[in-house]
Amino acid sequence: MSEIENIALENENFFNLGNDYFSLKGYRCFTGVDVVNLTPGKMRQTLKIQADKQNELHYAFSGSNGLCRTTPMGSVRKENLLSELISLPNDIDSLRCFFEENGFLFPISETEYEEIDIYSLTEIVNHIKATVLLMSEIEEPQRNYEKILYLTLYLLLSEQVSIKLSSMNKAYSTCHHGFIKILEKASSVPAIDGTKEGFESDTYLIKDLVYKSNYALNIEEYQDIISGSSLTHNYPGMSDLRYKDIVYLYRNAPNETPAARITIDFLFHLMKKIGIVNKVSFENGIEFYDKPALEKFDDNLKQALITVAKIVLNEEINSNLSGIVPRFIASKMEPSWKASNLLSAMYFSIFYMRPGSEIYRECANPACNNHFLVKTSNGRKRYCCPSCRNATAQRNHRKKIKKMSVK
Ligand SMILES: [Zn+2]
C-alpha cells in the first residue's frame, strides 16, 4: 500500500466535530443471556454477544458534544453516550439495550456468540459510573462527603474483575491501584523494632499526614490487632485482615510514597474513628462491622478524603487511557487521537470532562435515573427536565396532604 493510500484511508476514519478530533468504528450487536445453575440456589449469568456486521457504527468525540454516535460522514446521530451509560439503571436488560444500539465496549466476534460474565461486565460499567460521579461530586458547591467516601472506597477497595474476548491479546482488568499493590505485600514489609519505644512509653509515635502531627498509637492495641488476639482491646471488625494490614503499614511503612502514605493514614483514621469497613459495593455502598460514627468525620478527614479521591481518580482514568494513542494526520497537518475500543473512548470523554466548569448531576426525582450536565456553579438545578420537577413537586404536595389528614 502506498503512503498516499495510507493517508487517504486514515482520513476516512477521522472526523472533525469541533475542537477535538477523535474517531472509532464499531458494530451494533446481538445479545442473549444464559443462566447456568451451579448449585441449588446459586447461578451464574452470562451475556452472549455477537457483532452485527450489517450495521456499522461510527463514533466521534468533540469538546462540545462529548462522545457521540455519528453517520459515516460525521454528523451527530446521538449525543453524549457517556451520560447515557451512567444513567442506565442497574439491570442487565438496560445494559443489553445500550450495547445492541450503541455497540459493545470491546470489538466482538462477527461469527460466533461470545460469552461474557455478567457480574464482571456490570462491575466494569459500575467503575465508569463511579468515576464520573466521583469527579462531579468533588466539584459540587455543596459536597456530599458520604457519597465521596463511598465512591472512593468502591473504586479503591472493590475486587478487581477481568474479561477476555477473542479479539483481545490479553484480558481487560479493572484498575489495580497502587495502594492495593502495597496492601497485598504488607506482610513482607519488615517490622520496625519497637523495643526501645516500648520501654519508654506505651505508645508509638507515628508521623501522620491526616492530622499533620505525630499520632500516638497505643502499643497494646497495635499488638492485639497484629497478633489477632484481643488481650486488651476488643471491638467489632478488629480481626479484619485488611484492617490489620492497614494498621501494620501505618506503623511500619513510613517511607512509602506520599500518595500511598496519605491513603494509608486516611484509611487508618477512618477505620479507627468511624468504623472498620467490611465490604464496599456499588449497589449497597459501604458495609461497616458496626454502626459507623459518621458524626466524627471531621475536617481533617474530609480534606484527606478529597486528596485520596483524586489519587484514586487519577489512577482509575490513566489506567483506562492506555487504549488511546495520539496520531498525526499529515494530509491535514492536524493532531488526532485513535481509540482501540469503546471503553477507552468512554474514558477519553471522562478525561476531557471539565469538572471545574461542568459536572454530571443525578436527577433529584427518585423515580428517574438520569444524569445531566450542569454548570458547576449552578447549585439550584436539581432535575433533568421540567416533568421530573413537576412529578416530584406533585409527590411532595401529596405527601403534605397525607400528613395533614393524619393529624
Ligand atoms: Zn429526571
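Buried residues make up 30% of the 407 residues in the protein chain; a residue is buried if 20 or more other C-beta atoms, placed from the backbone, lie within 10 Å of its own, exposed if 12 or fewer, and partly exposed in between. The model is predicted: local features need pLDDT of at least 70, side-chain atom pairs count only at pLDDT 80 or more, and totals for chains, interfaces and linings use all residues. Residues are numbered from 1 along each chain as its sequence is written.

User: How many helices and strands does the protein chain have?

Analyst: Helices (H or I, at least four residues) and strands (E, at least two) are DSSP runs, numbered from the N terminus. The protein chain has 13 helices and 15 strands. Its C-alpha atoms fill a box of roughly 80 × 70 × 50 Å, taken along the principal axes.

User: Into which domains is the chain divided?

Analyst: Domain bounds come from an automatic or database domain assignment. Here domain 1 covers 3-142 + 320-359, and domain 2 covers 179-317. Their C-alpha centres lie 37 Å apart.

User: Where do the two domains touch, and which element of domain 1 gives the most?

Analyst: Two residues are in contact if their C-beta atoms, placed from the backbone, lie within 7 Å. By that rule, 13 residues of domain 1 are in contact with seven residues of domain 2. On the side of domain 1, helix 4 (118-139) and helix 12 (342-351) are the elements that give two or more residues. Helix 4 gives the most, with seven residues.

User: What classes of residue form that side of domain 1?

Analyst: Ala, Val, Leu, Ile, Met, Phe, Trp, Tyr, Cys and Pro count as nonpolar, Asp, Glu, Lys and Arg as charged, and the others, Gly among them, as polar. The side of domain 1 that touches domain 2 has eight nonpolar, five polar and no charged residues.

User: At what angle do helix 10 and helix 11 pack?

Analyst: Axes are lines fitted to C-alpha atoms, for helices over the stretch in contact, and angles run from 0 to 180 degrees between N-to-C directions. Helix 10 (residues 258-274) and helix 11 (residues 299-320) pack at about 135 degrees, with axes 10 Å apart. Helix 10 is therefore oblique to helix 11; angles under 35 degrees count as roughly parallel, over 145 as roughly antiparallel, 65 to 115 as roughly perpendicular and the rest as oblique. Among the residues making the contact are Ile262 and Phe266 of helix 10 and Leu305 and Val308 of helix 11. The residues of this contact divide into nine nonpolar, three polar and one charged.

User: How do helix 8 and helix 9 cross?

Analyst: The axes of helix 8 (residues 219-227) and helix 9 (residues 241-252) come within 9 Å and cross at roughly 130 degrees. The two helices are therefore oblique to each other. The contact is made by Tyr222, Ile225 and Ile226 of helix 8 with Lys244, Val247, Tyr248 and Arg251 of helix 9.

User: What is the phi of Asn80, and is the residue buried or exposed?

Analyst: Most residues other than glycine have a negative phi. Asn80, which is not a glycine, has a positive phi of about 45 degrees. Asn80 lies in the loop between strand 4 (76-78) and helix 2 (81-86). Asn80 is buried, because 20 other C-beta atoms lie within 10 Å.

User: Where does Lys212 lie, and is Lys212 buried or exposed?

Analyst: Lys212 lies in the loop between strand 8 (203-207) and strand 9 (214-218). Its phi is near 55 degrees, a positive value in a residue other than glycine. Lys212 counts as exposed, because it has 11 C-beta neighbours inside 10 Å.
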